[in-house]
Amino acid sequence: MAPPVLEVAQAIAVEGKKGAKGEVKWLKHYSLAQSILVVGDGDFSFSRSLATAFGSGENLVATSLDSYGYLRIMYSHAESNVTSLKKMGATVLHDVDATEMKSHAHHALNRFDRIVFNFPHAGFTGRETTSNMVNSHKKLVMACFRSASSLLRPDGEIHVTHRTGHPYYRWEIEQLASESALVMFEKDFFWKYDYPGYNQKRGSGLRCDKDFPIDGSCTFKFRMERKVDESASIPLAAALDLMKLEAVTSSA
Ligand SMILES: C[S@@+](CC[C@H](N)C(=O)[O-])C[C@H]1O[C@@H](n2cnc3c(N)ncnc32)[C@H](O)[C@@H]1O
């Protein structure tokens, strides 16, 4: 079914927002003003979509688990997407394991406002509904959360786009995030036409360059749990005393 015209128009429109240094381009949740790390990027069409919308890739670090040599074999558009990203000033890195990012030289030097993983998946080595497969996906996502949380700037966010139907809800990604002290603060319906040119890829197996159904998928947004600074808060009894004192002095 063709998407409603209004939604497509909204999707393709890149919002402009005035910032201190002039116009900052936005695409959906992302802007040129944010330092963005994309992990597990399939054929790099998602990162390319962002950079194209921003008119620059200077704020982007786009990464893949696979080497460049493999990517060129796996995806028909990987080479052109990577070339275009580099031309726009993006940093493109390969062989980046999202579960072990701290040890990567580039990441060791950087902290990010947004870390994005679209459709994390541990590979098609069995039926998606089996506990073994569900557990291997969960293990991947949990390790990615742990690794990514150490690369976030204060107030930074991790965005995971994920299918929500059976058996994907069994991954319990909110629970996995909580193991790394991350809390979900927003869950937004994912509409791929928000990202012109983006094509979700299976990413492994013989049909790695093919897409897969993503109806009903959502972008889950996480940030670090905020600890209440108990030493800074006024105990209730003291607060009541202050209010009483204020009432007495104002009536005197
Ligand atoms: C279903 S594909 C989605 C690809 C891409 N994000 C997209 O939206 O088209 C799953 C991706 O997860 C990546 N992946 C799996 N394990 C990973 C890991 N440990 N670190 C980084 N990426 C990983 C795969 O290389 C594959 O590209």
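**Ground rules**

I number residues from 1 along each chain, as its sequence is written. The model is predicted, so I take local features only at pLDDT of at least 70 and side-chain atom pairs only at pLDDT 80 or more, while totals for chains, interfaces and linings use all residues.

**Overall make-up**

I looked up the secondary structure first. The chain has eight helices and 10 strands. These are DSSP runs numbered from the N terminus: helices are H or I with at least four residues, strands are E with at least two.

Next came burial. I call a residue buried if 20 or more other C-beta atoms lie within 10 Å of its own, exposed if 12 or fewer, and partly exposed in between, with C-beta atoms placed from the backbone. Of the 252 residues in the chain, 33% are buried.

Then I checked contacts, meaning pairs whose C-beta atoms, placed from the backbone, lie within 7 Å. I took contacts between residues at least 6 apart in sequence; 74% of them join residues at least 24 apart.

**Ligand shell**

The list holds 20 residues, and the closest are Gly 40, Gly 42, Leu 65, Ala 98 and Gly 203. By class, the shell has eight nonpolar, seven polar and five charged residues. Here Ala, Val, Leu, Ile, Met, Phe, Trp, Tyr, Cys and Pro are nonpolar, Asp, Glu, Lys and Arg are charged, and the others, Gly among them, are polar.

**Nonpolar core**

Which residues touch the most other members of the largest nonpolar core? They are Leu 50, Ile 115 and Phe 145, in a core of 48 residues. Helix 6 (residues 131-149) gives the most to this core, with six residues. A core here is a set of buried Ala, Val, Leu, Ile, Met, Phe, Trp, Tyr and Cys residues joined through C-beta atoms within 7 Å. In soluble globular proteins, nonpolar side chains tend to be buried together.

Leaving out residues up to four places away in sequence, Ile 115 touches Leu 37, Val 39, Ala 148, Leu 151, Leu 152 and Ile 158.

**Helix 2**

Helix 2 is largely enclosed by the rest of the structure, because nine of its 10 residues are buried. The buried ones include Phe 46, Leu 50 and Phe 54. Gly 55 follows helix 2 and has a positive phi, near 75°.

I then checked the packing of helix 2 (residues 45-54) on helix 4 (residues 78-87): the axes come within 9 Å and cross at roughly 35°. Axes are lines fitted to C-alpha atoms, for helices over the stretch in contact, and angles run from 0 to 180 degrees between N-to-C directions. Ser 45, Ser 47, Arg 48 and Ala 51 of helix 2 meet Asn 81, Ser 84 and Leu 85 of helix 4. That contact has two nonpolar, four polar and one charged residues.

**Two buried strand residues**

Phe 117 sits in strand 7 (residues 112-118). Phe 117 is buried because 23 other C-beta atoms lie within 10 Å. Its contacts, beyond four places in sequence, are Val 39, Gly 40, Ala 98, Cys 144 and Val 160. Thr 161 is 44 residues away along the chain, yet its C-alpha atom is 6.6 Å from that of Phe 117.

Thr 63 belongs to strand 5 (residues 60-63). Thr 63 has 25 C-beta neighbours inside 10 Å, so it counts as buried. Beyond four places in sequence, Thr 63 touches Val 38, Val 39, Asp 41, Leu 93 and Val 96.

**An exposed strand residue**

Is Phe 185 buried or exposed? Phe 185 counts as exposed, because it has 10 C-beta neighbours inside 10 Å. Phe 185 is in strand 9 (residues 182-189). It touches Lys 221 and Arg 223, not counting residues up to four places away in sequence.

I found a cis peptide bond from His 166 to Pro 167, with omega near 0°. Pro 167 lies in the loop between strand 8 (152-162) and helix 7 (173-178). Glu 172 is in the loop between strand 8 and helix 7, and its phi is positive, near 50°.

Phe 119 is not a glycine, but its phi is positive, about 50°. Phe 119 lies in the loop between strand 7 and helix 6.

Definitions and conventions. Near = placed C-beta within 6 Å.
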